[in-house]
Amino acid sequence: MSDIQNIAVGLILLTGSFFAFVASIGLLRLRDIYMRMHAASKAGTLGSGLMMVGLAVYAAEIDVISRALAGVVFFLLTTPVSTHLLARAAYLVGHKPAEETRIDDYADAVKFDRDG
């Protein structure tokens, strides 16, 4: 493995680790479940994806590269859907947004669903 490849892998892994760290801070510090899910889904997906890309660059074998890229695609496809469903379930069971949230467009949709 060349030095340039080692440096590229290191930079990609450090960037991915930084985003994963930001996601963990968001989980601990943000005010409500919706903000926490936002931090976890955006930064967590980017961090995980970058670390998988770093693995693909490091391995330089087609079977590892294909699995790593399949993992990235899997994260990109499933994270938004799962986050949306978790947020919807949380809202429907009564978790209201934080006081700082000024716009709650979903409240009208929930009233419409309940009224029929």
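Which residues does the UniProt annotation "transmembrane region" cover? According to that unreviewed entry, residues 6–28, 40–59 and 65–87; such annotations may be inferred rather than shown by experiment.

Residues are numbered from 1 along each chain as its sequence is written. This is a predicted model, where local features need pLDDT of at least 70. pLDDT is the predictor's confidence in each residue, from 0 to 100. The chain has a mean pLDDT of 89, with 96% of its residues at 70 or more.

Let's look at two of the annotated spans. Helices here are DSSP runs (H or I, at least four residues), while strands are E runs of at least two.

Now for how helices meet. The axes (lines fitted to C-alpha atoms over the stretch in contact, with angles from 0 to 180 degrees between N-to-C directions) of helix 2 (residues 33–59) and helix 3 (residues 62–92) come within 9 Å and cross at roughly 175°. That makes helix 2 roughly antiparallel to helix 3, a label for angles over 145 degrees. Their contact involves 18 nonpolar, 7 polar and no charged residues. Here Ala, Val, Leu, Ile, Met, Phe, Trp, Tyr, Cys and Pro count as nonpolar, Asp, Glu, Lys and Arg as charged, and the others as polar.

Among the elements of the chain, helix 1 (residues 3–29) has the highest mean pLDDT, 94. Helix 4 (residues 106–115) has the lowest, 70.

Methods. This is a predicted model: local features need pLDDT of at least 70, side-chain atom pairs count only at pLDDT 80 or more; totals for chains, interfaces and linings use all residues. Side-chain values use heavy atoms; hydrogens and water are left out. Angles under 35 degrees count as roughly parallel, over 145 as roughly antiparallel, 65 to 115 as roughly perpendicular and the rest as oblique.
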